[in-house]
Amino acid sequence: MRLNQVTIGATDLARSERFYVALGLRLIVKDDHYLRFECPDGGSTFSVELVEVVAEGERVTIYFESDDLDADFARLSTAGIVFDHRPQDMPWLWREARLRDPDGHLLCLYHAGKNRRHPPWRLE
């Protein structure tokens, strides 16, 4: 089994399109109610569907892996994207920065290297 995509709701598709293109995703499907993006590496896709209201208290964190987190952070900050926190090394051996998309969805941009799938505490 492979994860194909994650879909989130958004109240303004044009705003979401600008945001996710700025993150580096490539728009591959677009209509009046739906956007689908392709991640630059790995074959995963990510989609946004138009909703009237994003559910209050929705608690999902979307992780996008970066090969050069600090450079991506600098590029996105220069483009006006605001982060909740700058890249920092975490106790679980990932380097990550957190931000929110225009509808408040929590995003984590991170670099984990081999620890992404094979941390020292991985079960056999």
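Reader: Below what relative accessible area is a residue called buried?
Author: A residue over 50% relative accessible area is exposed, and one in between is partly exposed. The cut-off for buried is under 20%.

Reader: Is Cys39 buried or exposed in this structure?
Author: The model is a predicted one. Cys39 has a relative accessible area of 15%. Buried means under 20%, so Cys39 is buried.

Reader: What is the relative accessible area of Cys108?
Author: Cys108 is classed as buried. Its relative accessible area is 0%.

Reader: Which strands stand at the edges of the open sheet, and why?
Author: Four strands make up this sheet, with mixed pairing, in the order β1-β4-β3-β2. Two of them have a single partner strand each, so one side of each lacks a neighbour in the sheet. The edge strands are β1 (5-10) and β2 (26-30).

Reader: Which residue of β3 is the bridge partner of Val29?
Author: Strands β2 and β3 (residues 34-38) run antiparallel and are joined by four bridges. The partner of Val29 in β3 is Arg36.

Reader: At about what angle does helix α1 run to β3?
Author: Helix α1 covers residues 13-23 and lies across β1, β2, β3 and β4 (45-50). Its angle to β3 is about 5°.

Reader: Which residues does Glu17 contact, leaving aside its neighbours within four places in sequence?
Author: Glu17 is located in helix α1. With a relative accessible area of 19%, Glu17 counts as buried, because the cut-off is under 20%. Its contacts beyond those neighbours are Leu27, Lys30, Leu35 and Phe37.

Reader: Which residue in β8 is the bridge partner of Thr61?
Author: Strands of a sheet pair through backbone hydrogen bonds, either parallel or antiparallel. β5 and β8 (residues 106-111) pair in the parallel sense, over five bridges. In β8, Thr61 is partnered by Leu106.

Methods:
Residues are numbered from 1 along each chain as its sequence is written. This is a predicted model: local features need pLDDT of at least 70, side-chain atom pairs count only at pLDDT 80 or more; totals for chains, interfaces and linings use all residues. Side-chain values use heavy atoms; hydrogens and water are left out. Two strands pair if DSSP finds at least two bridges between them. Helices (H or I, at least four residues) and strands (E, at least two) are DSSP runs, numbered from the N terminus. Contact means heavy atoms within 4.5 Å. Axes are lines fitted to C-alpha atoms, for helices over the stretch in contact, and angles run from 0 to 180 degrees between N-to-C directions. Buried means under 20% relative accessible area, exposed over 50%, partly exposed in between (1.4 Å probe, protein chains only).
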